[in-house]
Amino acid sequence: MGVLMSRRQTVERVQKVSLAVSAFKDGLREQPSTRRRAEAGTARQGTLEQEVQEGEEETSAGPSQPEESSASKAAWERLRDGRGVEPEEFDPANKFTPPAFIRPKRELHDDEPPDISLEQREQILNDEMCEICEVWTAESLFPCRICHRVYHDGCLRRMGYLQKDSTVEVTETAHTETGWSCYYCDNLNLLLTEEEMYSLMETLKNCKIIPESCLTLDDFLHYKHQVHKQQFERTMPEAQEEQAALQFNALDPDKKGHIEWQDFLSHESIQLLQKIRPQNALLRLLTPKERERARAAFLALDQDNDGFIGEGECRQARHTWFRKHQKEMLSCNVSISHVGPISEGSPASSRNGKSPEKILPVTKQEETRSIDWPGFLRENVAYILAARPNSAALHLQPLA
């Protein structure tokens, strides 16, 4: 109980300091500047094209240019630090201060192959106390499906990570096989080191991407063309452009005509991890829960128990086991992520009597090549990581 009181006192002190600093800054600003800042925050809801146009108009106007520059700088700082909602962006009353995320660092042994045995199962243990308030209240704790952390829904709301429309999602999926990802695991960008994040930010700046904005198909393809030209000094082939268009559709499952910033950032983060880190380093990012789901998937495919599966079966697993599925409507229309084998009787295995996934044909070449357990992990690790977010978007489209 002493630890709990110490934690609460620390949070209260941080909140008081934050409020004092915010009040001091507000006193220095004039009212028109405050109004322009609010309008700039609302403008982030639009597409990239709209934000560029509005930014040019405000720049030509003259007086609002310093304020716009300040808002843009704050957005880049949030991107660099991996932060989401800032304390001053929601009502501080009865709110906890969001944590300061610490980006990981590469270790010397990261590139060495990890020892992940197929036969030796891992014991999955969740924390006993809420990650935020450090209080144990048994059944009211909601576990993360990726890591060991557990949370109270009330604590998540006070942190600003759980809105009213997502409360039902957590309560209905956290204790199911599908599960729910906490705010640590839901953000793939937090897997990047400071050096990797700096590289990504430089790419975004060079391609004129505005943080916290939505991207249309034209924006997305233009960005992909620029990145390819900067990397290879030649035009992107038509086949890769078609693949990029398919990736855009996968990131826009609701067919809204644009992709959300968080989905775009998660896609770019996993793409960068694939380019920079070797597969052994990616394997070290898997949690015990993810490794157990991978074991269950491999053992279900290895019917003859010889330790090998066909390449076609591995490719089908990539399209079904390690990707996103929309959940059947329970009491409201909610989208969730699914990782792991789908049983025939599970809700995600069928929708109105039809298969949710088109089973890809297996070629003769794929039938002849066999894949063992380590190879299965290496070929699927990026898709396992990409399936962490709760968003219904598919952040890494498997190649056909």
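## Salt bridges and nonpolar cores in a predicted model

The count of salt bridges comes to 13, a salt bridge being a side-chain nitrogen of Lys or Arg within 4 Å of a carboxyl oxygen of Asp or Glu. The structure is a predicted model, in which local features need pLDDT of at least 70 and side-chain atom pairs count only at pLDDT 80 or more, while totals for chains, interfaces and linings use all residues. Residues are numbered from 1 along each chain as its sequence is written, and side-chain values use heavy atoms, with hydrogens and water left out.

### Overall architecture

The chain has 15 helices and six strands; these are DSSP runs numbered from the N terminus, helices being H or I of at least four residues and strands E of at least two. Of the 400 residues in the chain, 43% are buried. Here buried means under 20% relative accessible area, exposed means over 50%, and partly exposed lies in between, with a 1.4 Å probe and protein chains only. The accessible surface of the chain is about 22,100 Å², and carbon and sulfur atoms account for 51% of this surface. Such areas come from the Shrake-Rupley method with a 1.4 Å probe, and for residues only the protein chains shown count as cover. Among contacts (heavy atoms within 4.5 Å) between residues at least 6 apart in sequence, 73% join residues at least 24 apart.

### Salt bridges

Side chains of opposite charge can pair when their charged atoms come close.

| Pair | Closest N and O atoms |
|---|---|
| Asp110 and Arg106 | 3.4 Å |
| Arg121 and Glu292 | 3.0 Å |
| Arg388 and Glu290 | 2.8 Å |

In the pair of Asp110 and Arg106, Asp110 is buried at 12% relative accessibility, whereas Arg106 is partly exposed with a relative accessible area of 33%.

Arg121 forms a salt bridge with Glu292. This pair links distant parts of the chain, 171 residues apart: Arg121 is in the loop between α4 (65-81) and β1 (142-143), and Glu292 is in helix α12 (residues 288-301). Arg121 is partly exposed at 48%, while Glu292 is buried at 12% relative accessibility. Both belong to a network of salt bridges that also links Glu122, Arg291 and Arg295.

Arg388 forms a salt bridge with Glu290. Arg388 lies in the segment after α15 (373-386) and Glu290 in helix α12, so the pair ties together parts 98 residues apart in sequence. Arg388 is buried at 5% relative accessibility, and Glu290 is buried at 1%.

### Nonpolar cores

A nonpolar core is a set of buried Ala, Val, Leu, Ile, Met, Phe, Trp, Tyr and Cys residues joined through side-chain atoms within 4.5 Å. The largest nonpolar core has 50 residues, of which Leu79, Leu204, Ile209, Phe264, Trp373 and Phe376 touch the most other members. Helix α15 gives the most to this core, with nine residues. Domain 2 (189-276) and domain 3 (281-322 + 369-399) both give residues to this core, so it lies between them; the domain bounds come from an automatic or database domain assignment.

Leaving aside neighbours within four places in sequence, Trp373 is in contact with Ile116, Ser117, Leu118, Arg291, Ala294, Arg295, Phe298 and Gly307.

### A buried lysine

Lys224 is found in helix α8 (residues 217-232) and is buried at 14% relative accessibility. Beyond neighbours within four places in sequence, Lys224 is in contact with Met236, Ala244, His267, Glu268 and Gln271.
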